[in-house]
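Welcome, and thanks for taking a look at this one. Please open the view below and keep it at hand while you read the briefing.

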Amino acid sequence: MKDLLGKIVQKGLSEGTSFCEARYFEERVNSISVENGIARVLSSGILRGIGIRVIVGGHWGFASTNIPSRESIEKALEDAIGGAKSITSFAREEARIVEVKPSIDTVVHDVKINPEDVSPEEKVKRMLELERDARTFSDRVKDTFISYRDIVTRVIVCNSFGTLVEEVTPRTSIYCRVIAKEGENMQEGFEGLGNVIGYELVEGINVEDFSLKAARKAVSLLSAHPPPRGTYPVVVDPRVGGLFIHEAIGHNSEGDLVFSGQSIISDKMHQKIASQLVTIIDDPTRRNYGHFIYDHEGVKAKPHVIMKDGVLVGFLHSLESAAKLGCEPEGSARAQSHHYPPIVRMSNTFLAAGDMTLEEILEDIDLGIYLSGSQYGYVESQKGQFTCKVEEAWLIEKGDLTEHLRDVAISGLTLEALKNITAVGRDLKMEMPGTCGKSGQGMYVDAGSPHFRIDSIVVGGRR
Amino acid sequence: MAEVDLVTPVEKAMRMLSRFNMDFYDVFASYSRSLNISILGKGINEATSHVDIGIGVRVFKNKGMGVAFSQSLEVNDIETVVKRAVGFARASQPDPYFKGIPGPSKAPEVPGLCDDEVVNLTLETASQISKEMIEAAESVRRGAMYFGGFNAGHVKAYLKSSTGVSVGLEKTYVSVNIQPVYREGDDVGSSYEFDYGISLSAINPQWVGKTAAEKAIEQFGSKKVESGSMPLILLPEASGTSLFSNLLAALSGESAVKGRTFASGLLNKQVGPESLEVLDDGTIPGAVASNTYDGEGVPRRPLKVVERGVVLTFLHNSYSAGIMNVESTGHAIRGGYSGYVGAGPSNIRVKPGDSTLEEMIAETRRGILVTRASLVPNMVSGEFSSTIDEGFLIENGEKKHPVKNLMAGGHILDLFRGIELISKEGRVFGGGHFFPAVKIREVKLSGE
């Protein structure tokens with residue numbers, strides 16, 4: 001395959017491209033769905049193909065195919081070149097990239113237990129064990145679900161800089177969802193685990209921290225109350241904190257959104273836009289769900305410091321955004337599959353630890369809200385307006401957690417919220433393995449933070 | 001474009017499966033070609049195209065299900081897919097609710113779902129359309145930075161089952177969207193507009209560009225609003241995503257019939273005013289969400305879901321219908337060749353009311369005109385707490401300034417109970433959905 005990709009890149013250059021990239025993508029996926037004590041569905045799939053990206057006359061063209069034959073790939077090259085030429089008369093945003101030194105490498109991430117070596121029957125047995133504890137936790141548990149997935153992704157990037165890198169990445173993830181019911185009242189509890197790891201993730205699960213935790217959460221939410229509404233000081237746990245960092249600042253720091261005028265912080269480089277306590281890092285080299293060594297443009301990944309002591313110091317870059325913003329690319333471009341061109345993505349994004357305990361963070365809050373567990377979030381980066389939906393919350397009264405609350409969300413403005421961070425804990429955790437969506441592409445990411453306090457933010461409530 | 005043969009690989013898989021003594025199985029293969037023009041920054045920046053093929057197999061043995069798929073139609077890969085699905089079906093466990101998969105039915109073909117102009121579309125034409133959309137935005141005001149694009153596709157698929165289903169599908173789609181961003185110092189004026197349909201003639205890129213720019217400029221000077229309880233007027237872009245799509249999704253498939261959504265207990269119950277009528281119709285000619293057959297080969301048909309404010313039915317695929325011992329309503333949704341078959345609405349049509357939008361605003365002393373929002377509830381509990389992404393304060397019957405950082409909270413069924421007025425005008429989406437503007441009596445808002 002590597003020889004074939006190399007020949008295609010040479011052919012691309014001989015046909016007048018100023019940059020040519022051929023990327024092979026293969027993903028093998030196995031999954032199991034358990035529902036109320038029954039392994040209902042086992043499934044497996046293979047995604048495989050090649051994406052070709054070129055620059056011709058200062059314009060981008062991209063085409064992809066599922067068929068890994070030379071003939072089919074050459075047709076994709078022809079289509080990519082044709083695509084770039086098709087916009088010659090219309091394009092206003094020039095394709096420009098940073099030239100980087102070539103990398104030649106092969107990376108295979110090791111795991112202790114290859115999930116593909118574990119039989120479906122053995123996996124089913126383990127899923128049922130994990131699910132059973134949740135199902136039998138309480139007579140108020142109505143439904144229990146386990147979703148298990150193992151994925152092996154193989155990416156080969158070959159480009160006209162001379163880069164030829166291959167990376168094979170196994171990821172394993174497992175989620176437990178519990179619905180509890182009392183009368184007409186139904187509530188959900190959720191727990192998820194995932195990493196660049198093998199089946200040892202599943203073998204090492206302690207049900208107390210996983211399925212039982214989800215069940216306990218669902219049942220306890222039955223007696224939780226709707227949140228108050230208005231602007232409050234909030235304290236967030238590492239999951240809500242991770243979601244906040246991802247939505248409020250992470251997307252805004254993506255270089256493609258910056259150069260295209262879609263980020264609220266595009267003109268704020270080297271300015272102090274957050275409190276002194278805020279240092280934010282995106283680190284693909286950490287072994288979390290968003291881990292990789294080379295991005296999908298073949299650039300070796302480095303940790304990216306986005307904000308240092310409240311000052312904006314860096315954006316995340318692709319070859320293109322680095323060129324347009326006058327920076328060095330440090331490996332932030334990834335694509336969902338061969339069918340998509342690489343775009344700037346976060347990896348493992350987090351707020352660096354401070355020095356406070358949770359008790360210290362809470363102690364001087366007279367009335368506030370403690371937010372725990374993330375569901376989903378989104379941001380309108382051009383306006384800097386973000387929303388984070390959380391799993392559960394507690395009222396903070398005179399520094400103590402009191403009333404249990406459910407169905408809480410917060411909404412904020414990036415440039416206000418970052419300045420309102422007034423206390424940061426020492427307990428950094430990365431606990432948000434998942435998929436982030438952008439421009440129609442999903443990508444593996446993780447996020448986290450220590451506990452921290454935002455002095456004033458809008459809390460959506462119903463009373 | 002080369003002719004793609006989906007029948008031969010499906011037949012091959014069927015023959016292989018017939019040797020394994022399975023109870024039920026179906027095979028689905030699809031081909032798609034898509035063209036995309038990306039708009040980023042100052043304008044068009046990339047042209048992309050891709051061709052995708054794949055095959056998926058669902059196999060049932062002793063009420064257990066195995067699924068496998070591949071992006072290759074080569075014989076060896078089909079054999080691997082079949083063997084994996086069979087092995088998985090044997091390893092999975094009996095699902096007591098499973099009653100089988102549907103048999104064959106004949107239905108008149110829904111016309112107008114495939115447009116030759118889109119089938120033969122070139123990237124040059126796609127670029128020209130994108131350019132026209134940008135120029136329409138610039139005719140309103142120059143100097144924006146953009147995010148958006150043009151997307152068109154041609155899909156062919158073939159489904160065959162052990163119960164005798166054998167149906168083909170051929171469709172096209174095309175969509176445009178653009179988000180202009182204008183800046184005046186630290187103030188940002190941005191908005192978004194879109195259109196989609198089966199054919200090029202079904203979309204209006206100039207209108208999209210012009211409207212997006214006009215809406216973006218209106219967003220300058222947004223202000224925070226204090227917390228309180230106020231009426232909401234949801235424009236069609238917000239009523240569809242906040243009310244009707246959520247209700248019909250919660251009435252769909254196994255989650256609804258297994259009592260796992262906020263709408264599970266709503267059959268024959270009053271959810272809204274007597275004037276509220278909602279129809280789901282997957283047979284509308286030329287609509288993106290229409291098909292002759294659903295994802296399991298059951299004919300699509302119009303289904304009255306809400307009449308005089310009362311919920312009449314769930315939306316079923318064969319699995320959820322089997323649980324309730326009724327016939328499938330033809331609402332199976334197959335998520336491509338990866339094998340998952342769920343259930344969901346097709347074209348949602350809400351009966352227009354008798355108010356005008358102008359009357360709704362004029363009769364509001366203080367409220368919020370919501371131009372874009374997804375008040376998405378927790379689908380289990382029905383409770384929501386969501387941001388109003390774009391809207392305006394209404395005071396004394398007049399639209400005032402745009403709002404920011406404002407949230408709405410409550411229970412989705414309270415929104416339905418609070419419907420006070422439904423507009424006589426509305427917007428058609430994708431050639432099929434119809435959503436009017438809706439005024440809701442009072443909603444709790446969180447702001448300053």
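A residue is called buried when its relative accessible area is under 20%, exposed when that value is over 50%, and partly exposed in between, using a 1.4 Å probe and protein chains only. By that rule, 66% of the 463 residues of chain A count as buried. This is a predicted model, in which local features need pLDDT of at least 70, side-chain atom pairs count only at pLDDT 80 or more, and totals for chains, interfaces and linings use all residues. Residues are numbered from 1 along each chain as its sequence is written, chains are lettered from A and ligands numbered from 1 in the order in which they are written, and side-chain values use heavy atoms, with hydrogens and water left out.

**Chain A as a whole**

- Chain A contains ten helices and 22 strands; these are DSSP runs numbered from the N terminus, with helices being H or I of at least four residues and strands being E of at least two.
- Chain A is as compact as a globular protein of its length, because its radius of gyration of 24 Å is close to the 23 Å that the globule rule gives for 463 residues. That radius is taken over C-alpha atoms, and the rule is 2.2 Å times the number of residues to the power 0.38.
- The C-alpha trace of chain A spans about 70 × 55 × 35 Å along its principal axes.
- A contact means heavy atoms within 4.5 Å. Of the contacts in chain A between residues at least 6 apart in sequence, 75% join residues at least 24 apart.
- Chain A has an accessible surface of about 15,600 Å², and carbon and sulfur atoms hold 49% of that surface. Such areas come from the Shrake-Rupley method with a 1.4 Å probe, and for residues only the protein chains shown count as cover.
- Chain A carries 53 positive and 66 negative charges, whose mean positions are 2 Å apart. Lys and Arg count as positive, Asp and Glu as negative, while His and the chain ends are not counted; each charge is placed at NZ of Lys, CZ of Arg, CG of Asp or CD of Glu.

**The domains of chain A**

- Chain A is divided into domain 1 (2–221) and domain 2 (230–460), with bounds that come from an automatic or database domain assignment.
- The C-alpha centres of domain 1 of chain A and domain 2 of chain A are 22 Å apart.
- Where the two domains of chain A meet, 58 residues of domain 1 are in contact with 39 residues of domain 2.

**Residues to find in chain A**

- A:Asn36 sits in the loop between strand E1 (19–35) and strand E2 (38–56) of chain A. Its phi is near 45°, a positive value in a residue other than glycine, and A:Asn36 is partly exposed at a relative accessible area of 27%.
- A:Ser439 also has a positive phi, of about 50°, although it is not a glycine. Look for A:Ser439 in the loop between strand E20 (434–438) and strand E21 (441–449) of chain A, where it counts as partly exposed at 46% relative accessibility.
- A:Gly354 belongs to the loop between strand E14 (348–351) and helix H9 (358–363) of chain A. Not counting residues up to four places away in sequence, A:Gly354 touches A:Val424, A:Gly425, A:Arg426 and A:Pro450.
- A:Gln375 is part of strand E15 (residues 367–380) of chain A. Leaving aside neighbours within four places in sequence, A:Gln375 is in contact with A:Lys389, A:Val390 and A:Glu391.

**Chain B**

- Chain B comes to ten helices and 21 strands, and buried residues make up 62% of its 448 residues.
- Along its principal axes, the C-alpha trace of chain B spans about 75 × 55 × 35 Å.
- The domain assignment of chain B gives domain 1 (7–218) and domain 2 (222–448), and the C-alpha centres of these two domains of chain B lie 23 Å apart.
- In chain B, 46 residues of domain 1 are in contact with 39 residues of domain 2.
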